[in-house]
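Trainee: I would like to take a close look at a single part of this assembly, the place where the chains meet.

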Number of protein chains: 2
Amino acid sequence: MFLAANQIPDMINMAGGLPESSIYPQSELADLAKQAITKYPGDSLDYGPIEGLTALRELIALRFSSENLPLNKDNVLITTGGMQGLDLVGKALLDEDDIVACQSPAYLGALDAWRPRQPIYRPFFPEEPGFNPTEALTGAKFAYTVPNFSNPSGKLIDSKTRRSLVAAAKEIGTWLIEDDPYGTLYYDHPPLERMISLSGSAEENNYSGPIIYLGTLSKELAPGFRVGWAIADKKMIASLTVTKQGSDMCSSGLTQRIAYDALTNELDRQTLPKILDIYRGRRDQLCKAMEDHLSDWFHWEVPVGGMFVWAVAKKPNFNTDQLLKYAMQEKVCVTPSSVFDPEGNNARAIRINFTRNPEEKLIEGVRRIALACRAMTKETI
Amino acid sequence: MFLAANQIPDMINMAGGLPESSIYPQSELADLAKQAITKYPGDSLDYGPIEGLTALRELIALRFSSENLPLNKDNVLITTGGMQGLDLVGKALLDEDDIVACQSPAYLGALDAWRPRQPIYRPFFPEEPGFNPTEALTGAKFAYTVPNFSNPSGKLIDSKTRRSLVAAAKEIGTWLIEDDPYGTLYYDHPPLERMISLSGSAEENNYSGPIIYLGTLSKELAPGFRVGWAIADKKMIASLTVTKQGSDMCSSGLTQRIAYDALTNELDRQTLPKILDIYRGRRDQLCKAMEDHLSDWFHWEVPVGGMFVWAVAKKPNFNTDQLLKYAMQEKVCVTPSSVFDPEGNNARAIRINFTRNPEEKLIEGVRRIALACRAMTKETI
């Protein structure tokens, strides 16, 4: 249905999770692509190491290192996008009927990646009062979190809860996945410290904590490169590398080489302020339009980062699966909450993306959602 | 050990399976890479469809179509290299304790890809007299074959056996994987008809046979692009697409776009004759040198294609795992047969690659293998 939405003329699609494509540093990347093949044909055209290009692994290790987090290339595996990191973790760790403790609501992609291995998903809610991390993690093969602007809720796990999750993971001896595709997209204040950094120690000379951190260049450089990485204890990286060999042998050498040169030239760091300005403006305009048109039906929190607003219906019997049908007639598309619920029961919320469309389209899209709400509630009553 | 071999100066490494890198059409690919980003930023930088770029799927469908094999894009899934096709087939089809009928000896990569799903491997030997395909395939979830120059044996499955395998798969209702990374590398006669083509029918308007065909551009264009494809019945392609979403979301748009433009410009077809000339010459020189230096210890068939010579020791107690230690001292590296045996028992053969090294290095490599054989047999006696 969401793919079909792009085929309908005048459809305003706020369902996806795509970046604004005009922000990619296109001409610089085009030059780097040509240079990668002419100057580094060994890196870009040949089979590469399973773990990824050594220079890129060293650069990622350097960028993520801090006093408390001593990293080197052996802590880094390059993956085919952030998504592959999730797949490899499942392959390396999960057996049938293993328990996965999952921050809820959870990213659909993660659940899909692991579903073939038939784990048991046990949800936890880190932002609820009285949340007990030890209880949440006990008995799980690993815990899955998106601390920065979790998809779909847009929620941020606060610093205190991050520390308590890290402490619980260490105490119990459970792996804790920090999936971080939105970690640079903070609009209102500087980023909180990552859990992998909180879990490290200046006394070590190599990281040996319980975090498996998953990052990606898809948000700042270009998703079409499919360059992501896992950072973890070097024994875990070795296990993930074995599973990567049987998954796709190695990631594209060409896009890894371009990524390395782009990061060395700090293209991503030059692009990021522009991205943040654009996305902040879009978030603000979307939320203002929602205030004007949708507050009769929904409540929401203005997200401090990420790509989505998560709006929950005020009335418990409001059905967003049904709303989507009316919305499609009004030529607007959002993601209903049922697709994020493994049982498909939660039909009370919608996820609205604000990164892909310009402000005037977001405002028009909200107006159309309001028309759909009105049409549905009129017919239902 | 094989990776380490590349770090030792003067080592002649005949263990890998790498193409000769000078044959990649480097300057053309560099221009196409730049053009892909400047002219087609949507294709190359954004997230693409899970199934792959539509234009590339259509082109692959067209190239593989024939009167008996009516294909369209719905029969084609783009994969991250040929290796990913194997992984996706395992994810889509295998449950624990399922039987996989495997042409033996088998490609290590395939076994590794499926091992996490714990299938039971049942070998079959299509070149042996009295081979019974129905017996080989009955009860298996799928059968795995490399009809063209199977790795490591370099064997070709003849046309009659191909037909009988297809007939058995149809009769029993088993999927039959035709893994074809070496399908264009014929040095002595034109390629035999593919099983997917033998299994099609001019009466259909869309392929619905039992073959899952896996192809790749790694041998003719560049492995660093990680562009491969699966061709099958469209329902099977739909299943594989679901598993691909949870594996890496989509393959690199940039390398898919370059691949599409390279194929449209027939760069691969211009390159192939040069590749065949080089590889044919190397095979001939390798086999001549083996005749001169190794015939006391080994026998082998001169392969009519592919990348490897499979040499079996004349004496049954000759141990090639041990030989490798002597070979490393002589600064030459080959692959011992134990790594292709799931139980690790077969230590009687070696696989020698002839595509990566120039002729004089191959000749010197064989001379060194002979020195290693002499050193080992002297000590052992």
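Trainee: Through which surface do the copies meet?

Mentor: This is a predicted model, in which local features need pLDDT of at least 70 and side-chain atom pairs count only at pLDDT 80 or more, while totals for chains, interfaces and linings use all residues. Residues are numbered from 1 along each chain as its sequence is written, and chains are lettered from A and ligands numbered from 1 in the order in which they are written.

The copies meet through the same surface, because 100% of the interface residues of chain A are also interface residues in chain B.

Chain A and chain B each give 42 residues to the contact (two residues are in contact if their C-beta atoms, placed from the backbone, lie within 7 Å). On the side of chain A that touches chain B, at least two residues come from each of α2 (26-39), α3 (41-45), α5 (81-93), α6 (108-114), α10 (234-248) and α11 (253-264); helices are DSSP runs of H or I with at least four residues, numbered from the N terminus. The largest share of that side, seven residues, belongs to α2(A). By class, the side of chain A that touches chain B holds 17 nonpolar, 18 polar and seven charged residues (Ala, Val, Leu, Ile, Met, Phe, Trp, Tyr, Cys and Pro count as nonpolar, Asp, Glu, Lys and Arg as charged, and the others, Gly among them, as polar).
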